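Subject: Handover of a structure

Dear colleague,

Please find the structure below, followed by an account of what was found in it. I would be grateful if you kept it open while reading.

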Amino acid sequence: MSNQNGSSLSGGFAILAGLVASSCLAFNWSSITDSFDPFALHPNALLALVALTMFCLGLVLQRHELHELRRRPLTVFLGVLVQCTLMPALAWLVVWTLKLEGPLSYGVLLCGCVPGAMASNVLTMTARGNVSYSVSLTSVATLLSPVTVPVALTIVAGLETGSVVFKPARMAATLLLTVVIPVIAGYGIKRRLPDVERFAESVAPHIATVA
């Protein structure tokens, strides 16, 4: 078991290191060269990568990781409730305190409204917390995101600007198509095709990280 934990921790740190390195590279790319920018993707291509990532996460999602959802569903839903209220409120407080405006303010608000993902589970594992609870919380929050994210963002963005500058229905549809359906599809395919599950365990995490 200790070897498995050590391997999982090493893999988690590798994923986080890759994400940080690629983010730093993307941020500084324009100072390196302006002839070609691999990070300047068309919006549809970006959505496709998001869908691919969520599909891969569905492929590697294990039933035992959802143990807390089956054992203590009320605790999981209370955690989702806190996440869907406290995080957007704190994001709005940051924007209001630092007087952020324009795209930067919306970026902070959006980060506060979207559910946690793979990184939160890795950090929970690193801190030796309840990984099953973290995965259950992330899974439920992800499945509810087409409803919770537009509602939360409408409220906090309205508080910030006095008006809503995006289309909640369109955002809900986008989240449903690029997040919820790919996760369910990946998990369903893995459950029905054991050969895919064995292949996905070794390949899917790397595909998701690169995407």
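A residue is called buried at under 20% relative accessible area, exposed at over 50% and partly exposed in between, with a 1.4 Å probe and protein chains only. By this scale L19 is partly exposed, because its relative accessible area is 34%.

The model is a predicted one, in which local features need pLDDT of at least 70, side-chain atom pairs count only at pLDDT 80 or more, and totals for chains, interfaces and linings use all residues. Residues are numbered from 1 along each chain as its sequence is written, and side-chain values use heavy atoms, with hydrogens and water left out.

Overall picture

The protein chain has nine helices and zero strands. Here helices (H or I, at least four residues) and strands (E, at least two) are DSSP runs, numbered from the N terminus. Of the 211 residues in the protein chain, 28% count as buried.

A contact means heavy atoms within 4.5 Å. Among contacts in the protein chain between residues at least 6 apart in sequence, 74% join residues at least 24 apart. A separate example of distance in sequence and space is the pair L19 and V210: they are 191 residues apart in sequence, while their C-alpha atoms are 8.5 Å apart. L19 belongs to helix α1 (residues 2–32).

Nonpolar cores

In soluble globular proteins, nonpolar side chains tend to be buried together. A nonpolar core is a set of buried Ala, Val, Leu, Ile, Met, Phe, Trp, Tyr and Cys residues joined through side-chain atoms within 4.5 Å. Which residues touch the most other members of the largest nonpolar core? Of its 14 residues, they are L109, C113, L153, V156, M171 and L175. At least two residues of this core come from each of α4 (73–98), α5 (102–113), α7 (131–161) and α8 (168–192). Apart from this core lies another, of five residues, including C56, A200, A204 and A208.

How the helices pack

Two packed helices are described by the angle between their axes and the distance between the axes. Axes are lines fitted to C-alpha atoms, for helices over the stretch in contact, and angles run from 0 to 180 degrees between N-to-C directions. Angles under 35 degrees count as roughly parallel, over 145 as roughly antiparallel, 65 to 115 as roughly perpendicular and the rest as oblique. A crossing is left-handed if the near helix is turned anticlockwise from the far one by less than a right angle, and right-handed if clockwise.

- The axes of α2 and α8 lie 7 Å apart at an angle of about 30°, so α2 is roughly parallel to α8. Their crossing is right-handed. Residues of α2 that meet α8 include L47, V50 and F55, and those on the α8 side include T174, P182 and Y187.
- For α4 and α5, the angle is about 160° and the axes are 7 Å apart; the two helices are therefore roughly antiparallel. This contact is made by M87, P88, A91, W92, V94 and V95 of α4 with S105, V108, L109, C111, G112 and C113 of α5. The crossing is right-handed.
- The axes of α2 and helix α9 (residues 194–210) come within 8 Å and cross at roughly 140°, which means that α2 is oblique to α9. Among the residues making the contact are T53 and C56 of α2 and A204 and A208 of α9. Here the crossing is left-handed.

Individual residues

T53 is found in helix α2 (residues 43–60). Is T53 buried or exposed? It counts as buried, because its relative accessibility is 15%. Leaving aside neighbours within four places in sequence, T53 is in contact with A208 and A211.

S136 has its place in helix α7 and is buried, with a relative accessible area of 0%. Beyond its neighbours within four places in sequence, S136 is in contact with E65, L66, H67, E68, L69 and V76.

Most residues other than glycine have a negative phi, and most peptide bonds are trans. K99 has a positive phi of about 60° although it is not a glycine. K99 lies in the loop between α4 and α5 and counts as exposed at 60% relative accessibility.

Yours sincerely,
A colleague
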